[in-house]
Amino acid sequence: MLITENLTRNFLMATTVQENKILILATESCAYPGADSVGQAHSSYPANTYILRVRAPVMFPERFYLDCFKKGISGIIIMSCGEECPYEGAYHAMAKRIDRVYQMMKKLDIDIRRLRITAICTVCNRPFLKEVNMMNDIVQELGPPVLKESQPPVTEQEPA
Amino acid sequence: MTDGQTITCDALVVGGGIAGLQSALDLADQDFSVVIIEKDLSIGGKMIRLSKVFPTLDCSSCITTPKMASAAHHKNITIYTWCDLKELTSNKGSVRARVTQKPRYVDQDKCIGCRKCEYSCPVYVPDPEQGGFCATKAIRIPFSNAIPQTAALDPESCMLCGKCEKICPTGAVDYFQKPFDFTIEATTTILSTGFEMTTIEGKPQYGDGKVPNVVTALQMERLLAPHGPYNRVLRPSDGMEPDSIAFVQCAGSRDKSMGIPYCSRFCCMYAIKQAMLLSGALPLADIYIYYMDIRAFGKGYEQFYQTAKAMGIGFIKGKVGRIEEAENGSVAVRFEAQDGTGVTTENHDLVVLSLGVLPDWSPEGICSVSTAEDHFIQTVQPSIGPTLTSRQGIFVAGAASGPKDIVDSISEAGAAAMEASNYIIAQGK
Amino acid sequence: MTDPKKMKKNKEKSEKIGVYICYCGGNISDHVDVEKVREAAEKFPGVAVARTNSFMCSDPGQELIIEDLKNGVVDRVVVASCAPSLHENTFRSAITRAGANPYIYDHANIREQVSWVLHGDKATYKAEKLVAAATGKAGLLEPLDPIRVNARKHATVIGGGIAGLKAARVLADRGLEVVLIEKTPFLGGNAAGLDTVAPLGEQCSALIAELAKGVLEHTAITVLTRSEVVGFNGYVGNYNLQVKTTLSSSSAFDKAAGHVVPFEGDNADTPTEQNVKTGAVVLATGFRSYQPKTGEYGFDDHREVLTLPEFIKQLSEVNCSGDILELNGRKIRAMAVIHCVGSRQIPGIHEEDENGYLNEYCSRTCCSSILHAANTVKEQFPKTNIYDLYRDIRTYGRGQEELYDRAARNRVVFLRFEAGNSPTVSANDDGSDYALKVTIEDGLTFSEEIEVPVDLVVLATGMEAGDVSDLVSMMKLPVGTDKFLQEVHPKLAPVEMSVSGIFLAGTAQAPMNISEACNGAAAAAVKTASLLSKGYLELDPYVAAVDQDLCRGTGACVDACLADGALEMIDAETENGTEKKARVVPALCLGCGACVAVCPTGAIDLKGWSLKQYEAMVDMIVADELIDI
């Protein structure tokens with residue numbers, strides 16, 4: 001589902017991408033405090049990173065990721081709790097979903113390096129910086145995503 | 001509250017610093033009614049006056065203000081500031097406190113904290129909340145985060161020009177306000193009366209307070225604080241940006257000749273913290289810490305110390321024997337180096353003394369709890385009941401029973417609240 | 001009747017968002033142009049007002065928000081300040097005080113994620129973006145009500161050492177039912193191996209006996225020894241612990257002198273497993289003593305090298321007269337104690353363990369402990385010479401500096417070494433009958449190399465985190481880089497763990513002495529009491545909710561659900577007759593959102609963290625012209 005037509009949407013129509021934006025979905029129990037810990041250490045990392053606090057990335061459907069690329073997000077890092085996930089089974093379900101997203105990205109000719117899934121804990125300062133810098137190198141190389149003209153409609157339904 | 005009034009509550013907390021606030025919150029969250037009395041104009045204690053706190057380098061204000069605000073807004077907590085505890089008696093499951101409300105010369109109920117009085121006041125006085133480094137007015141809100149946000153007039157400095165009274169939009173200024181007494185009846189009391197630092201005056205070996213550019217650690221906190229007097233670190237005598245700064249540890253502690261044989265416990269860590277903050281504020285400055293032993297014992301403290309060493313802060317093992325005025329405002333520090341070079345003198349632009357820690361309050365003549373040889377409140381079961389005093393129903397938390405860092409004070413405050421809760425329950429109330 | 005679908009369509013985003021941006025007294029404003037962010041925020045869709053304050057968390061700062069809410073200027077709140085973990089509750093309660101619903105608020109983290117990692121224009125730009133995203137979400141926020149659940153007035157304490165005993169006792173006195181679970185047959189934990197404790201020289205066995213008596217005599221406390229937690233589920237206020245009690249005989253465990261044995265003999269003939277229903281858990285799982293590596297200061301290579309706990313034990317069993325200490329029939333004419341063994345290790349200097357790990361922390365208790373032991377020796381056996389090899393003497397607490405003074409008066413000889421230049425312990429080869437020699441470059445005497453022949457070396461071994469890997473994985477507990485259990489924040493939430501209703505007591509958290517462990521235990525108890533004493537508690541309302549109009553009854557959400565029973569299919573009466581619809585059981589819903597991703601019609605979403613809100617946030621992040629107007 002794309003966002004509804006309303007004032008905000010109209011307002012956004014003229015969107016121009018200025019920087020290669022990286023969206024980070026960071027779990028509130030591990031990766032988000034991990035990102036804060038990087039801040040507490042005053043370690044700098046690329047500015048084009050936007051960290052969204054999520055309870056569990058398992059909530060995002062395939063189309064969310066594809067929509068983000070359509071909207072002009074250049075890269076997405078899912079920073080999960082990995083094995084420390086507080087919701088048993090969520091990590092596995094999400095990993096399977098991401099595999100499907102990769103397939104869809106290939107069909108749409110979106111470089112799959114633009115989407116990465118990783119585990120970051122609350123004190124993972126160095127892994128956090130490594131992931132962010134790595135993704136930044138990729139998006140600087142690739143630039144903003146350009147989607148195929150005749151793109152197939154994004155399936156909304158999960159394959160059974 | 002009025003003259004002669006009696007207030008009843010489950011627990012009385014004496015002292016609204018971080019320990020008292022934590023105790024009060026932990027009691028109030030269990031639905032016990034709590035009264036905090038505070039001798040100062042604002043709650044928040046020493047902690048609200050600090051810059052940042054070790055080992056996380058959180059800004060101190062960010063940690064203290066929410067606790068201050070939640071205590072101030074808690075439905076079960078009532079706070080009285082600018083009070084003197086005159087007498088505290090305990091008797092079979094109840095305590096009775098006689099308290100004097102000191103005059104602010106501003107009606108607390110009328111004052112809206114607009115600061116018009118402060119802006120109009122023509123009398124400048126050294127600001128005690130900024131280490132005396134800059135000026136404030138004779139009538140003022142004590143500092144920006146103070147709770148309550150009520151002005152108070154300093155009668156020593158006021159020249160009674162009447163400007164504040166005229167400009168006050170609510171008619172809150174009252175030059176004729178008198179002190180009055182009231183009574184608090186509670187089931188239990190927690191003493192969280194905190195600490196104070198010794199002064200430089202009276203220590204001839206450190207210049208007796210007469211050597212310029214020798215400051216106390218609390219003054220350095222203000223120089224480093226976000227709302228500090230200069231908004232940057234400058235040395236007080238001439239406003240020069242210091243290139244060489246030295247911290248003198250145990251300047252009054254671990255020294256029987258100065259009356260404090262014990263270790264003041266948190267000076268090593270705040271000196272390291274200040275040194276780290278200074279190296280951020282003045283990247284080119286050389287920073288040294290003269291010490292006997294670095295006591296970085298708490299969770300994450302040793303790692304903090306090692307980080308400071310890696311940042312290039314100089315740690316010099318040696319006892320400073322003398323501090324004297326040198327040329328151009330610099331300070332000569334004479335110390336006995338333990339690396340074999342013997343007695344050496346080094347000049348620094350600014351010297352910070354880690355002075356000794358003393359209790360801020362003595363129960364003598366007020367309350368019959370015992371103190372120990374170190375003058376801090378005695379605890380009768382120091383190992384398994386560290387918050388129990390010699391009087392049943394009176395508990396102690398934080399630096400009132402010996403120097404303690406913030407983490408340990410907060411932990412002990414929770415413990416005191418637990419013991420106090422159980423005491424209230426045991427009284428069948 | 002109004003068509004509910006139409007009502008939904010008409011429901012608009014909030015147009016009265018208030019944005020409150022904090023200077024954090026320079027922490028933010030030194031790097032972010034806060035006023036520029038405010039100007040930008042004023043132009044974001046739906047924003048009614050944007051304000052700044054030097055400390056938004058202070059009373060005057062909170063008052064700005066309260067006033068705007070009370071005056072009807074705003075109905076949604078965005079605060080841009082430090083990490084939400086610090087002040088989310090502060091602002092929620094401010095909003096509550098204004099008479100509004102606390103869930104109409106979102107937070108932009110412009111300190112930890114902006115001003116502390118970026119400088120200059122980039123910082124200001126990113127702060128604007130994060131504020132923009134938060135306003136996007138805030139526009140879609142709806143008032144929520146916490147889920148009230150009954151809470152058992154029952155707490156479980158894991159660990160029967162000093163901290164566990166203290167916690168159990170004060171919790172029971174507070175009126176809670178308590179189960180104390182201890183894996184050995186004994187109460188008293190590690191402290192039972194100590195003889196007398198620094199600084200006062202109290203008999204440790206007496207302290208344990210007093211605490212254990214209070215626990216064993218308390219009718220509200222059930223003590224389960226030889227027991228371990230093998231299963232854990234439920235949620236705050238209503239946890240279920242599966243507790244397994246084994247029958248291994250007492251001889252399978254090392255009983256120390258100070259241990260209290262609550263139950264003599266085995267009174268059952270089969271291992272038992274029971275379910276403990278409890279409201280909260282206090283972890284008092286303790287520490288383990290550092291075991292030196294073979295060859296570390298001669299350990300294992302020379303039988304005359306002991307750890308501090310071994311030495312304390314041998315010393316307490318000494319039965320000799322004269323003025324020289326004798327251990328196992330051997331005269332100890334001279335002994336050396338070495339501090340910081342297994343503590344304060346420094347990368348590049350100390351040898352990592354097999355997992356590439358170092359104990360970088362200070363163990364806090366060993367300096368006082370070893371000085372206390374040294375004084376005990378010197379005051380009884382003055383002719384035993386003691387050399388104390390240290391890096392820093394950390395006698396920080398009340399009465400501890402006196403131990404140091406006393407040791408000096410007792411003529412303990414202090415020698416100081418640097419971390420990078422540790423002393424060595426080797427077989428003595430000078431022809432005398434001393435078994436060992438210790439070599440040190442003494443920092444107190446011009447870094448002169450000194451060789452000291454000794455009969456005994458005692459290593460002041462520190463504390464390591466206890467092995468609680470089973471509990472860590474069962475309860476999803478955070479562990480720090482030092483391997484001790486990690487509190488939420490050392491000052492704001494010092495005994496709380498990130499899992500609600502689980503608290504930390506004593507040395508499970510960090511090295512501490514008995515007094516500090518008792519304070520930690522009582523502090524954990526007071527939080528437990530605050531949580532449970534009302535008999536109910538209020539949970540976050542972040543649960544899934546189904547839009548019955550959009551639900552087509554595919555059941556995909558039920559299949560995806562990770563919590564047993566949290567989602568179910570029901571027969572619902574609609575205008576089309578009976579239809580299958582999904583229904584959420586809020587108290588069981590974890591709020592993970594696994595259902596959200598699979599719904600083909602977008603009928604199910606997570607309250608407070610909805611997919612629509614995330615989409616709005618992304619829209620605001622990619623909308624560059626918002627910034628450039």
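How many helices and strands does the secondary structure of chain A come to? I looked this up and found 5 helices and 4 strands, taking helices (H or I, at least four residues) and strands (E, at least two) as DSSP runs numbered from the N terminus. From the N terminus on, I read the order in chain A as α-β-α-β-α-β-α-β-α.

I note that this is a predicted model, in which local features need pLDDT of at least 70 and side-chain atom pairs count only at pLDDT 80 or more, while totals for chains, interfaces and linings use all residues. Residues are numbered from 1 along each chain as its sequence is written, and chains are lettered from A and ligands numbered from 1 in the order in which they are written.

Next I turned to chains B and C, where 60 residues of chain B are in contact with 66 residues of chain C (contact: C-beta atoms, placed from the backbone, within 7 Å). On the chain B side, α2 (60–73), α7 (301–310) and α8 (406–426) each supply at least two residues, and α8(B) gives the largest share, 14 residues.

I then checked the backbone of chain C and found that the peptide bond from Ala198(C) to Pro199(C) is cis, with omega near -5 degrees; Pro199(C) sits in the loop between β8 (196–197) and β9 (202–203).

Arg364(C), in the loop between β19 (334–341) and α10 (366–380), has a positive phi near 70 degrees although it is not glycine. I recorded Arg364(C) as buried, with 27 C-beta neighbours inside 10 Å (buried: 20 or more other C-beta atoms within 10 Å; exposed: 12 or fewer; partly exposed: in between; C-beta atoms placed from the backbone).

Notes. Two residues are in contact if their C-beta atoms, placed from the backbone, lie within 7 Å.
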